[in-house]
Amino acid sequence: MKSKQKIREEDLFHDLFMDYYPSLLSFARYYVENEAIAEDLVQDVFVKMWESREQWEKVENFSAYVYQMVRFRCFNYLRGEKLRVEMMRSYREEKVDIMEINQYIEEEIFRLVNQVVDTLPLMYKQVITLTLEGYRVKEIAEKLNVGEETVKKRKQVAKQVLKEKLGKLYLFLFPLI
C-alpha cells in the first residue's frame, strides 16, 4: 500500500505535468524545431524531475527551474547533434579522400603494369594483352595463328618476366592472367 506522502508526491507530479507539459513542449520546439524530439526532451526532463523530487523543496522558483532544465536539455541535444553532423561530414570527406587515394593507386598500378608489358617482346606482349582483355588460350591461338601450347608457353614466360619486373605489384595482376 502506498503511503500518503507517496500519493501526495504522485498527485503533485501529475498536476505539474498537466500544467507545464504543453508550454514546455512549445518552449522546446522553439530550440529543436522538431515535435517528436521536443516531446522526448521534455519527457526526459520530467523523468529527471521525478527522480530528484526530494530537491523540489529547495527550489525557490519552480517555474524558472523547470524551464531552465528544458533549455539545458535542448542545448545538450543540439550540441550532440552538431557533433554528430560534424562527425558525419568528416567521415564523408575521409571516405572521399580514401576513394581518391584508391583510384590513384589503381591508376598508378595500371600505368606501371602497362609500362612493363610494353617492354615485353612482341610475341609475349600480344599474349598477355589478349589475356588481360579476357581471351582464352584457344581464342588467342586462333587470333595469332599459333598453337595452343605456344600460347601457354609464351604466357608462362611473360608471366615470369612480369613477376620479376613488377615484384609485389605482380600480386595485383596475377588474378587477371
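Reply: Let's start with G147, which counts as partly exposed because its relative accessibility is 37% (buried means under 20% relative accessible area, exposed over 50%, partly exposed in between, with a 1.4 Å probe and protein chains only). G147 sits in the loop between α5 and α6; helices here are DSSP runs of H or I with at least four residues, numbered from the N terminus. Ten residues separate G147 from V137 along the chain, and their C-alpha atoms are 9.3 Å apart.

A word on the source: this is a predicted model, in which local features need pLDDT of at least 70 and side-chain atom pairs count only at pLDDT 80 or more, while totals for chains, interfaces and linings use all residues. Residues are numbered from 1 along each chain as its sequence is written, and side-chain values use heavy atoms, with hydrogens and water left out.

The loop between α5 (137-144) and α6 (148-166) also holds N145. N145 is not a glycine, yet its phi is positive, at about 55°. Most residues other than glycine have a negative phi. N145 counts as exposed because its relative accessible area is 70%.

Another loop, between α1 (4-32) and α2 (35-51), contains E33. Phi of E33 is near 55°, again a positive value in a residue other than glycine. With 71% relative accessibility, E33 is therefore classed as exposed.

Leaving aside residues up to four places away in sequence, M49 touches F13, W56, F62, V66 and M69, where contact means heavy atoms within 4.5 Å.

Finally, the surface of helix α3 (residues 62-118), where I105 is placed. I105 counts as partly exposed because its relative accessibility is 40%. Together, I101, Y104 and I105 make a nonpolar surface patch of about 310 Å².

Conventions:
Patches are made of residues with over 30% relative accessible area and no salt bridge: like charges are joined within 9 Å, nonpolar side chains (Val, Leu, Ile, Met, Phe, Trp, Tyr) within 5 Å. Accessible areas come from the Shrake-Rupley method with a 1.4 Å probe; for residues, only the protein chains shown count as cover. A salt bridge is a side-chain nitrogen of Lys or Arg within 4 Å of a carboxyl oxygen of Asp or Glu. Helices (H or I, at least four residues) and strands (E, at least two) are DSSP runs, numbered from the N terminus.
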